[in-house]
Amino acid sequence: GGLDSYMFLRYIFLCFRITFTSALWGMLILWPVYATGGGGARGWYFLSMANIAQGSQRLWVPAVFIWLQTLYVLFLMSEEYKHYLECRVDFLARGGGIVTS
């Protein structure tokens with residue numbers, strides 16, 4: 001269990017956190033906006049931007065959502081990078097071995 005394997009596991013967990021929050025907030029915020037969009041779409045298109053009428057103010061909701069989601073992902077990546085730097089300095093100072101963080 002070196003630093004590479006530890007960071008790979010953290011990367012997998014980071015991907016899970018990004019995917020989970022995107023899906024959760026997308027279903028809670030975007031699906032109701034799409035479902036009540038009034039575009040007359042049928043089937044699965046009922047829960048997509050295809051159901052929002054052209055020129056509607058509701059088109060701002062997905063735009064703001066993706067901006068906030070992007071900021072969240074950048075924040076998570078920044079925090080992971082800070083943690084990586086701490087682990088790397090500790091790993092190099094001890095000369096290898098098992099990561100304890």
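Modeller: The side chains of Lys 82 and Glu 79 meet in a salt bridge, with N and O 3.5 Å apart, where a salt bridge means a side-chain nitrogen of Lys or Arg within 4 Å of a carboxyl oxygen of Asp or Glu. This is a predicted model, in which local features need pLDDT of at least 70 and side-chain atom pairs count only at pLDDT 80 or more, while totals for chains, interfaces and linings use all residues. Residues are numbered from 1 along each chain as its sequence is written, and side-chain values use heavy atoms, with hydrogens and water left out.

Both Lys 82 and Glu 79 lie in helix H2, 3 residues apart, or about one turn of the helix; helices here are DSSP runs (H or I, at least four residues), numbered from the N terminus. Lys 82 is partly exposed at 45% relative accessibility, and Glu 79 is partly exposed at 34%, given that buried means under 20% relative accessible area, exposed over 50%, and partly exposed in between (1.4 Å probe, protein chains only).

Searching the whole structure gives 3 salt bridges. One of them joins Arg 10 to Glu 80, whose closest N and O atoms are 2.7 Å apart. Because Arg 10 lies in helix H1 and Glu 80 in helix H2 (residues 60-94), this pair ties together parts that are 70 residues apart in sequence. Arg 10 is partly exposed at 25%, whereas Glu 80 counts as buried at 13%.

Methods:
Helices (H or I, at least four residues) and strands (E, at least two) are DSSP runs, numbered from the N terminus.
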